Amino acid sequence: MSLTPYIVLSAILFTIGSIGVLTRRNAIVVFMCVELMLNACNLAFVAFAHQHGNLDGQVAAFFVMVVAAAEVVIGLAIIMTIFRTRRSASVDDASLLKF
Amino acid sequence: MTAFWVLAPIMVLAALGILFVRKAVHAALLLAVVMISLAILYAVLEAPFLFAVQIIVYTGAILMLFLFVLMLVGVDASDSLVETIRGQRALAWLTGLVFAVVLLVGLTQITFGTAVGLDGEGGANEGGNVQALANLLFSRYVFAFEVTSALLITAAVGAMVLAHRERLSPKAGQAAIAAQRVRDFTEKGTHLGPLPPPGVYARHNAVDTPALLPDGSPAPASVSRVLAARGSVRAADTLADDIDDITAQLGQDVATKPETSGKAGATASSEEDQAATNGDHGVRGQGKGDHK
Amino acid sequence: MSTQLLLTAAADVEHHIPVVAPAEADGAFSLLWLIIALPLLGAAILLLGGKYTDKWGHYLGTALPIGSFVISLVCFINVLGRDEGDRQVAQHLYDWFEVGGLDVGMDLLYDPLSAMFLLLITGVGSLIHVYSIGYMAHDPRRRRFFGYLNLFVAAMLMLVLSENYVGLFLGWEGVGLASYLLIGFWQHKPSAAAAAKKAFVINRVGDMGLGLAIFLMFVTFGTTSFSGVSALSAGASETTLNWIGVLLLVGACGKSAQVPLQAWLLDAMEGPTPVSALIHAATMVTAGVYLITRSNFIFELAPTAQTAVVVVATVTLLWGAILGCAKDDIKKGLAGSTMSQIGYMMLGAGLGVAGYAFAIFHLLTHGFFKANMFLGAGSVMHAMDDDVNMRHYGGLQKLLPVTFLTFAMGYLAIIGFPGFSGFFSKDKIIEVALTENLLVGILATIGAGITGFYMTRMMLLTFFTKKRWEDGVHPHESPAVMTVPLIVLAALSVLGGIMLAGNWIVDFLSPVVGHVEHEDPPLPAIVITIIVVLVVALGAGLAFLLFQKRDVPREAPADVSFAVKAARADLYGDAINDVIVVRPGSELVTALVETDRKVVDGTFMGGSGIVRGIGHGLRHVQTGYVRSYALSVLGGALILVLTLVAVNL
């Protein structure tokens with residue numbers, strides 16, 4: 001059972017996620033893409049853990065999930081707050097902090 | 001590897017779908033596909049604990065949180081796919097693709113040996129994957145684990161702080177609301193009673209179909225203003241024409257049986273009179289309508 | 001290091017240079033600190049007390065210096081009763097500061113030299129305080145004036161009582177400050193403010209010299225106390241001592257208005273007349289003479305520095321005398337005379353052991369008669385509605401009899417009329433000068449003649465000749481509070497010569513300045529005296545012919561010779577300063593400002609301008625769109641991965 005396909009899949013998912021972050025404008029979808037990137041990383045972690053026969057990769061994936069959970073909670077709360085005041089969930093609308 | 005080769009195309013397609021679907025809900029569902037597939041891959045990769053966590057926490061909790069917020073924000077506020085930042089889309093694709101190519105080129109340079117594997121005799125999962133993970137978490141990674149608790153508490157408090165809205169005036173009690181209603185009625189003539197429910201006396205009793213007034217015109221106050229704002233209210237006047245058909249279908253029964261619904265009809269008609277005369281106070285009325 | 005040096009140097013010492021080795025203060029001498037503390041207390045009360053002390057401030061301000069005078073007198077009587085070798089007394093008050101090897105104590109030294117100065121400062125000072133009560137009676141800021149005067153007295157006493165150069169420097173700066181405050185006392189007059197500033201700035205030049213001398217002393221001897229330096233001075237190299245001496249001379253020049261730092265003294269006459277009498281005639285300006293006399297243990301071993309003192313003194317005594325001839329302002333005339341007389345003192349001090357005592361003697365008599373004359377001039381101004389132009393006076397001897405008589409005593413004393421105090425003191429200096437150096441002696445004699453000329457001119461223009469004042473002016477005699485000090489000072493001017501009786505002052509000061517056997521002058525002493533008196537008479541007679549026998553115009557004639565023009569312009573002292581110091585200084589500053597603006601500022605402004613331009617261009621990257629930023633993050637990641645791949649390939 002080769003590792004390479006998993007890593008390639010992970011890289012493809014990561015790239016798709018990053019392109020999504022760059023192209024989508026709905027803040028929630030952007031967030032989903034970030035989650036996609038995190039999950040891609042997790043896949044690589046788990047695959048490496050399997051490759052090397054120890055559980056450190058899985059622990060790392062576990063921590064990534066925890067951090068992702070915390071991040072989602074805060075991120076969605078921020079999106080909610082912005083939506084409440086601006087009636088918009090577009091990341092382009094919140095662009096006042098500029099030159 | 002069979003599972004992988006089956007799932008990998010699905011995942012890539014689903015992920016690409018996230019990039020192109022217009023509605024956020026669809027994106028969430030596609031993400032769920034990716035995540036569940038990932039969970040299965042985890043299982044294949046001998047990580048049963050993460051398999052469970054991926055399904056329960058990620059797909060079950062986090063993704064549901066996404067959907068929850070989507071509902072709050074407006075489920076079908078679809079994204080326009082027209083780019084506002086000049087060159088952003090092209091550049092994003094270009095950079096992303098180059099990035100992917102470089103990553104893949106880099107990865108193909110590496111050869112991995114045979115996977116050691118976790119299960120099996122003397123593997124890391126011997127004695128159970130969960131137990132082994134717990135051993136690691138509470139020994140080598142105990143500090144990181146404790147720090148995570150601080151992170152989670154901070155996140156929880158942060159979410160509460162962000163979601164909290166300070167009440168600037170005392171909460172109006174039932175008596176105060178009633179008094180206000182009566183005052184509005186005397187001063188501005190606002191409709192005193194509850195708003196008509198949608199679909200009443202209409203062709204459909206769905207929430208997006210306005211009630212019909214006795215003269216056959218739709219009552220705007222009977223539909224939630226969120227639906228009105230989205231423009232997804234069914235055209236009532238086209239439905240109004242159906243009344244004749246309905247009467248025809250029902251025959252004489254309705255006309256000759258006013259007693260059965262007489263009371264309700266009487267109250268409703270008096271309400272509709274009010275609504276008709278004060279149709280321009282719709283906003284206020286819709287606010288009340290939400291209360292129901 | 002010093003033993004070998006001491007041995008070699010000891011052989012070179014020609015004269016016996018007394019070492020300052022004071023005994024511990026006891027008895028009346030334990031009150032030494034009070035002499036300084038009393039006027040300092042007065043200054044503190046008057047200056048901090050504000051308007052609450054307006055009513056009685058001047059009485060307090062007068063009483064406290066009198067108290068100091070009483071203590072000084074008691075100490076003086078005490079010291080007279082002691083043996084000659086036992087007349088140096090020191091009092092250690094507290095450790096002032098201790099830094100590294102520098103250990104400076106707040107020590108006071110009472111010896112015959114300080115004794116003389118104490119009596120002069122507190123005595124004449126008290127008289128001038130009394131006089132000021134009358135003179136400043138109508139000034140709304142009289143209380144402040146007395147506060148400043150007390151501050152001055154305290155600082156001057158500190159200067160002459162300190163046992164080390166650092167304490168002396170403290171007093172030195174204190175009198176400089178008081179002088180500045182008092183010259184500019186009528187600060188509403190721009191001329192007074194400018195004069196104060198000028199005096200302050202020029203004094204700083206001198207102070208720098210004194211400061212450097214003290215540093216050099218510390219470096220050389222490791223101490224700044226008189227006892228330490230006097231004990232070790234024989235061991236130092238002559239070059240070092242010459243440098244110390246020259247630097248001390250620079251300090252003395254600044255404070256005592258000697259050429260080339262003389263320009264401030266005439267302008268300092270902008271201050272109230274009692275100030276001119278006390279600070280710019282009797283005491284402060286003589287601090288330079290004190291400094292050189294006190295540092296005899298350095299100058300005796302530094303012949304070059306001593307020569308420099310003599311040169312400076314000779315130039316100054318002639319310079320001041322020439323200025324005195326041309327000034328119509330009575331106070332400026334007297335100021336020129338002061339310069340000239342201090343030149344005599346410096347000459348005495350520069351002539352070494354033979355001259356120190358006479359320098360101090362002349363200093364004391366000059367303190368009496370010049371204070372007397374300044375106060376007399378103040379009295380005349382008081383009578384003439386504060387007009388200072390002598391060409392507007394004339395014929396005042398009948399109207400101001402007391403002022404006239406006292407002024408006349410001072411006049412006779414300064415020109416050296418036989419029997420008056422100035423006669424003895426100046427005659428002795430000229431005699432020593434002739435003995436040591438014929439040229440200097442002749443120049444000093446000529447100076448005496450010029451003194452006779454300008455003082456006679458002043459006397460005639462003021463009290464004799466025809467009256468030239470305006471009709472509206474009604475000259476009147478001053479009140480008793482002003483005339484009594486005049487009378488006392490006049491008496492001292494007449495009788496000051498007593499100090500020389502039996503060579504008393506020379507013997508009295510010998511523990512401090514040393515003693516040499518009298519050398520015979522080139523001519524018998526009596527012949528010298530006669531010559532000097534004749535020269536003075538010549539000058540006085542010339543003045544009589546010029547001013548008494550002819551009408552004096554009310555306005556100064558403009559068609560005068562170059563010499564008169566030069567003298568009126570202070571011998572171009574200001575012009576010289578202007579050319580040598582002020583203009584190059586201002587040009588340097590202008591150039592520096594330009595350099596700063598163009599080069600330094602230009603560099604920085606240019607640099608910041610470039611940065612600003614870059615920032616201005618780059619800020620457009622900040623679109624506010626989070627996705628643009630994310631794109632650059634991805635770009636960065638791409639570059640990173642590319643690098644990694646490139647490195648590994």
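Visitor: What makes the lining of the second largest cavity count as 6 nonpolar, 2 polar and 2 charged residues?

Guide: Happy to walk through it; bear in mind that this is a predicted model. The lining consists of C:Ile415, C:Gly416, C:Gly422, C:Phe423, C:Lys426, C:Asp427, C:Ala448, C:Val532, C:Val533 and C:Val536. Ala, Val, Ile and Phe count as nonpolar, Asp and Lys as charged, and Gly as polar, so the classes come to 6 nonpolar, 2 charged and 2 polar.

Visitor: Which elements give two or more residues to that lining?

Guide: Two helices of chain C do: helix H18 (421-436) and helix H22 (525-548). H18(C) gives the most, with 4 residues.

Visitor: Why is this space called a cavity?

Guide: The word is used where a 1.4 Å probe fits but cannot get out. The second largest cavity holds about 60 Å³ of space, and the count at 30 Å³ or more is 5 cavities.

Visitor: Why are S2 and S3 of chain C said to pair?

Guide: Pairing needs at least two bridges. Strand S2 (residues 89-99) and S3(C) share 9 bridges in the antiparallel sense, so they qualify. C:His92 stands opposite C:Asp107 in S3(C). The hairpin has 2 residues between the strands, and C:Gly100 takes a positive phi near 55° there.

Visitor: What makes S3 of chain C an edge strand?

Guide: The open sheet has 3 strands in the order S1-S2-S3 (chain C), with mixed pairing. Strand S1 (23-24) and S3 of chain C each pair on one side only, and they are the edge strands.

Visitor: What is listed as "transmembrane region" in chain B?

Guide: The unreviewed UniProt entry lists several spans, including residues 28-45 and 141-163. In the model, residues 28-45 of chain B are 94% helix and 0% strand, with end C-alpha atoms 25 Å apart. Residues 141-163 of chain B are 96% helix and 0% strand, with end C-alpha atoms 33 Å apart.

Definitions and conventions: Residues numbered from 1 in each chain as written. Chains lettered and ligands numbered in written order. Predicted model: local features only at pLDDT ≥ 70, side-chain atom pairs only at ≥ 80, totals over all residues. Heavy atoms only, no water. 1 Å grid on protein atoms, 1.4 Å probe; cavity = no way out; pocket = protein on both sides within 12 Å on 5 of 7 lines; lining within 4 Å. Points joined across faces, edges and corners; volume = space filled by probe spheres on them. UniProt positions renumbered as here; feature names shortened; annotations may be inferred.
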